[in-house]
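Subject: Structure for you to look at

Hello,

Here is the structure I said I would pass on. Please open it first, then read the notes below it.

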Amino acid sequence: MKPIQLFDPASSTYTYVLFDQATREALIIDPVDEQIERDLAVLREYGLKLLWTVETHAHADHITSAGLLTEHTGAQTAAPAGCGITTAATQLQNSSVLKFGQLQIRALATPGHTAGSMSYVWEDGQGASLGHVFTGDTLLINGCGRTDFQSGSAADLYRSLTQVLFALPDSTTVWPGHDYQGRSHSSIGAEKKSNARVAGKTEAEFVAIMAELHLPKPKRIDEAVPANLTSGLRHDAGGGALLTARVSEGYAGDVSAQLAHQWMQSGEAVLIDVRTDAEREWVGFIPGAVALAWKQWPGMAMNAGFDEALRAAVPPSKKALMLCRSGVRSIAAAKRATELGLQAYNILEGFEGDPDEHAHRGHKGGWRYQNLPWRQG
Ligand SMILES: [Fe+2]
């Protein structure tokens, strides 16, 4: 049994899809946002149901597609607890297990490249190793990840390499997070014997080697790290805090979350929540809202039943208030509702609003930020 290994040429990143032959349940490690169409095609081609997206760490060189994949496939996000990826539904500790079908991966805390970095051992359902380890940027083929930024520590990395990863059987196949020279995999035995950075080196020698690297700053670090702390979900809306409706092109107007709530309370409007089921479950529900996805997974296809369900939900005498995650899909939905003859409004900033300077949503605007009623799960 082998993983499906996928490569992003722009960042030289390897993404891995692991799946159970019998149940077709799958897990993806380190997905890249530019490659989401490819990854969705792979899932379709193999007939897989994605259960988990998993990060080895918060990457500095590419943006994860984890958040998008949850919206497209209904998968859940998992990430190392020490990485500060606040949107990950499952925060992994050392030895945490993620199951898919009769298989699982087990997290190994391997700090050093970043303080939270983890590697993953592939196991059967009983916890017996299948002989594969996914090492992220901790152990690369004849190399290792850098330790000079993002809470890195060369001493920690030395211990993760020599005491954690090199403690695995020599025959274990190493599947790295990157390779810049076209190599696909290695083995623990080979790396223990000949890895140029660490084989036969003392901790002090290794720390000295790492201190001498003087690597350039990764091109995308300023953009990628903040985005990766929110599973790759970025800004997609604009908004304001107005209490009177603003007239807009193609639909009746834009309203603030507060005004939408007032209209809902007074019974003059029906709130239509056009987010996907996965988004609602992930970030929260609005009591009294009608759940009616504009697009839905798999594949974020248009919801063919949208028109009919909207007509059933909103009597002609009432306004239709469209709400999405941050106020973009709701505009398209408000335009469609207008075409169907309804008086339709877009709720500015949606449920969570725009990301703040740390790329965290929910701190700048939106329904939840305004302390309007909502509940989790
Ligand atoms: Fe990295």
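Into which domains is the protein divided? There is domain 1, covering 4-228, and domain 2, covering 246-347. Please keep in mind that this is a predicted model.

**How the domains meet**

The C-alpha centres of domain 1 and domain 2 are 39 Å apart. Contact between them involves seven residues of domain 1 and eight residues of domain 2. On the domain 1 side, helix α2 (residues 66-73) gives the most, with four residues. That side is made up of two nonpolar, four polar and one charged residue.

**The cores**

The largest nonpolar core has 60 residues. Those with the most contacts inside it are A26, L27, I28, L50, Y120 and V133. Strand β8 (residues 103-109) gives the most to this core, with five residues. Take Y120 as an example: leaving out residues up to four places away in sequence, Y120 touches I29, V54, I105, R106, A107, L108, V133 and F134. Another core lies apart from this one; it has 35 residues, including L321, A337, A344 and Y345.

Which residues of helix α1 (residues 36-46) are buried? They are D39, L40 and L43. Seen down the axis of α1, the buried residues fall within an arc of 100°, so they line one face of the helix. An α-helix has 3.6 residues a turn, so residues three or four places apart point the same way. On the other side of α1, the exposed residues are E37, A41, R44 and E45.

The buried residues of α1 pack against β1 (4-8), β2 (13-19), β3 (25-29), β4 (49-54) and α2. After α1 comes G47, with a positive phi near 65°. In β4, five of the six residues are buried, and the strand is mostly covered. β3 and β4 pair in the parallel sense over five bridges, and I29 stands opposite V54 in β4.

**The six-stranded sheet**

Six strands form an open sheet with mixed pairing, in the order β7-β8-β9-β10-β13-β14. At the edges are β7 (97-100) and β14 (186-187); each has a single partner strand, so one side of each is left without a neighbour in the sheet. β8 and β9 run antiparallel and are joined by seven bridges. L103 stands opposite D124 in β9.

Is M118 buried or exposed? M118 counts as buried because it has 31 C-beta neighbours inside 10 Å, and the cut-off for buried is 20 or more. Leaving aside neighbours within four places in sequence, M118 is in contact with T56, P80, L92, A107, L108, A109 and T110. By contrast, A269 is 151 residues from M118 along the chain, and the C-alpha atoms of the two are separated by 49 Å.

**Strand β22**

Four of the five residues of strand β22 (residues 343-347) are buried, so β22 is largely enclosed by the rest of the structure. Strand β16 (residues 251-255) pairs with β22 in the parallel sense over three bridges, and V255 has I347 in β22 as its bridge partner. Strand β21 (residues 319-323) also runs parallel to β22, joined by four bridges. Here M322 stands opposite N346 in β22.

**Two residues with positive phi**

Most residues other than glycine have a negative phi, and most peptide bonds are trans. H214 is not a glycine, yet its phi is positive, at about 45°. H214 is in the loop between α5 (203-211) and α6 (221-228). H214 counts as exposed because it has 6 C-beta neighbours inside 10 Å, and the cut-off for exposed is 12 or fewer.

N371 is another case: its phi is positive, near 60°, and it is not a glycine. Where is N371 found? N371 is in the segment after β22. With 10 other C-beta atoms within 10 Å, N371 is exposed.

Regards

Terms used
Residues numbered from 1 in each chain as written. Predicted model: local features only at pLDDT ≥ 70, side-chain atom pairs only at ≥ 80, totals over all residues. Core = buried A, V, L, I, M, F, W, Y, C linked by C-beta atoms within 7 Å. Contact = placed C-beta atoms within 7 Å. Domains from an automatic or database assignment. Nonpolar A, V, L, I, M, F, W, Y, C, P; charged D, E, K, R; others polar. Arc of directions from axis to C-beta. Pairing = 2+ DSSP bridges.
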